[in-house]
Amino acid sequence: MVFTETHAASAAAADELGKPQGYSAAYHCVRPGGQGRGGVSLFVRAGLADHVQLIGLRQAPGFESVWVRVSRRVLCGRLGGGKDLLIGACYASPHNSAAYTQGEEGGEGFDHELLLAIQQFRQPSDWLMLAGDFNARIHGLDDTVVADE
């Protein structure tokens, strides 16, 4: 289970939020500098915890992510192909936020950071699943829906 915008100032503060009932593992990535904004947490069901490995965390201005690998042994028959599943739990700051703007000025931005994370953590034999809040990444496009009449 993935939660975004945890607003925890530290991983310890995120741990204090607790785990949902039936979940035994929690991994958190918080915004650097203890700002208490953004953030992402990934929770693992108790029965799956032995088959899920924390691969890493990745942070950049306006981007936080937690990466875990689910063993092919538990996936057997579900996805097929005998592959592990790499899950990236991500949070991207809104396009007009100070954190996102800082990322654009100091680097390549969200798209680039996500690609770097995938390249860093994914093995050629992995299935890939991304989950989280990508804040629509539509830039200047209208984000409203006009009703058909």
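A: From the N terminus on, the order of elements is β-α-β-β-β-β-α-β-α-α-β, with helices (H or I, at least four residues) and strands (E, at least two) taken as DSSP runs and numbered from the N terminus. The model is predicted, so local features need pLDDT of at least 70 and side-chain atom pairs count only at pLDDT 80 or more, whereas totals for chains, interfaces and linings use all residues. Residues are numbered from 1 along each chain as its sequence is written, and side-chain values use heavy atoms, with hydrogens and water left out.

Val 44 lies in strand 3, which spans residues 40–45, and is buried at a relative accessible area of 5%, where buried means under 20% relative accessible area, with a 1.4 Å probe and protein chains only. Apart from neighbours within four places in sequence, Val 44 has contacts (heavy atoms within 4.5 Å) with Tyr 23, Ser 24, Ala 25, Tyr 27, Ala 49 and Val 52. Its C-alpha atom is separated by 9.2 Å from that of Lys 19, 25 residues apart along the chain.

Tyr 27 is also among the residues that touch the most other members of the largest nonpolar core, which has 16 residues; such a core is a set of buried Ala, Val, Leu, Ile, Met, Phe, Trp, Tyr and Cys residues joined through side-chain atoms within 4.5 Å. Strand 2 (23–29) and strand 3 are among the elements that each supply at least two residues of this core, and strand 6 gives the largest share, four residues. Of the 149 residues of the chain, 40% count as buried.

Note on methods
Buried < 20%, exposed > 50% of the residue type's maximum accessible area, 1.4 Å probe, protein only.
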